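Subject: Structure handover

Hello,

Here is the structure I promised you. Please open it first, then read my notes beside it.

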Amino acid sequence: MRLFLAVPLSPSVREALCTAQADLRRQGRGSFPPPKNLHLTLAFLGETSDLDGARAALAAVSCRPFSLAVGGPLGRFGDLWWAGVRADAALGDLALALQSRLRDRGFCLEDRPFQPHITLVRRWRGETPQVTVPRAKMVVRRISLLRSDQTDGKRIYTELDHRALR
């Protein structure tokens with residue numbers, strides 16, 4: 001199964017991101033994640049059968065709730081455009097702690113600096129978009145362990161576990 005750990009988004013943040021996606025759709029084409037799939041990835045585990053190890057890593061981290069905000073210009077990785085995230089230092093600390101716990105349990109993770117972002121469109125076709133993400137903020141109170149499945153050409157995310165932040 002394909003697994004990842006992520007921050008689920010509040011309705012207000014999701015709405016701001018959907019507004020940016022609508023602006024993108026008017027300017028080009030690509031593969032747009034549906035609103036329910038928008039999230040902030042903390043660690044991507046990829047294909048694994050070690051669900052217990054992923055759950056143990058999730059259970060081993062502790063973090064207090066923290067602020068997260070979106071808004072402003074888009075960023076990009078090749079043909080993928082994303083919304084940047086501003087958050088308390090707790091976000092980076094949480095991502096590093098999760099990644100450390102996962103590596104301790106034998107997971108092989110990408111070895112690059114954590115760049116918090118939320119994917120708005122993949123495989124972009126069009127000119128450089130002129131889009132600004134409306135400002136929105138939330139308090140992160142939980143993180144989720146998600147399974148990603150491809151069904152009828154669509155990506156379906158299923159929460160398998162979560163951890164409340166306190």
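Predicted model: local features only at pLDDT ≥ 70, side-chain atom pairs only at ≥ 80, totals over all residues.

**Around Val70**

Leaving aside residues up to four places away in sequence, Val70 touches Val13, Ala16, Leu17, Gly84, Val85, Arg86, Ile118, Val133, Pro134, Arg135 and Ala136. Val70 also belongs to the largest nonpolar core, which has 47 residues. Together with Leu17 and Ile143, Val70 touches the most other members of that core. As a rule, nonpolar side chains in soluble globular proteins tend to be buried together.

Next, look at strand S4, residues 66-77. S4 is joined to strand S7 (residues 132-140) by seven bridges, and the two run antiparallel. One place to check is Ser67, which stands opposite Val139 in S7.

S4 also pairs with strand S5, residues 80-87. That pairing is antiparallel too, over seven bridges. Here Ala69 has Arg86 of S5 as its bridge partner. What lies between S4 and S5 in the hairpin? There are two residues between them, and Gly78 in the turn has a positive phi of about 60°.

**Aromatic rings**

How many aromatic pairs are there? The count is two. In one of them, the ring centres of Phe4 and Tyr157 are 5.1 Å apart and the planes stand at 75°, so this pair is edge-to-face. Phe4 is in strand S1 (residues 2-8) and Tyr157 is in strand S9 (residues 154-164), so the pair ties together parts 153 residues apart in sequence. Is Phe4 buried or exposed? Phe4 has 3% relative accessibility, so Phe4 counts as buried. Tyr157 is partly exposed, with a relative accessible area of 23%.

The other pair is Phe77 with Trp82. Their centres are 5.3 Å apart, with 35° between the planes, and the pair is tilted. Phe77 is partly exposed at a relative accessible area of 39%. Trp82 has 12% relative accessibility and counts as buried.

One more ring deserves a look. The charged end of Arg25 sits over the ring of Phe32, 4.2 Å from the ring's centre.

Most residues other than glycine have a negative phi. Arg123 is not a glycine, yet its phi is positive, about 55°. Arg123 is in strand S6, residues 117-126. Its relative accessibility is 49%, so Arg123 counts as partly exposed.

Asp152 is also a residue other than glycine with a positive phi, near 50°. Where does Asp152 lie? Asp152 is in the loop between strand S8 (142-151) and S9. At 75% relative accessibility, Asp152 counts as exposed.

**Helix H2**

Finish with helix H2, residues 51-60. Which residues of H2 are buried? They are Leu51, Gly53, Ala54, Ala57 and Leu58. Seen down the axis of H2, these residues fall within an arc of 165°, so they line one face of the helix. In an α-helix there are 3.6 residues a turn, so residues three or four places apart point the same way.

What do the buried residues of H2 pack against? Their partners are S1, strand S3 (39-47), helix H3 (89-104), S8 and S9.

Best wishes

Methods. Residues numbered from 1 in each chain as written. Heavy atoms only, no water. Core = buried A, V, L, I, M, F, W, Y, C linked by side-chain atoms within 4.5 Å. Buried < 20%, exposed > 50% of the residue type's maximum accessible area, 1.4 Å probe, protein only. Contact = heavy atoms within 4.5 Å. Phe/Tyr/Trp six-rings, centres within 6.5 Å; stacked < 30°, edge-to-face > 60°. Helix = DSSP H or I, 4+ residues; strand = E, 2+ residues; numbered from the N terminus. Lys NZ or Arg CZ within 6 Å of the ring centre and 35° of its normal. Pairing = 2+ DSSP bridges. Arc of directions from axis to C-beta.
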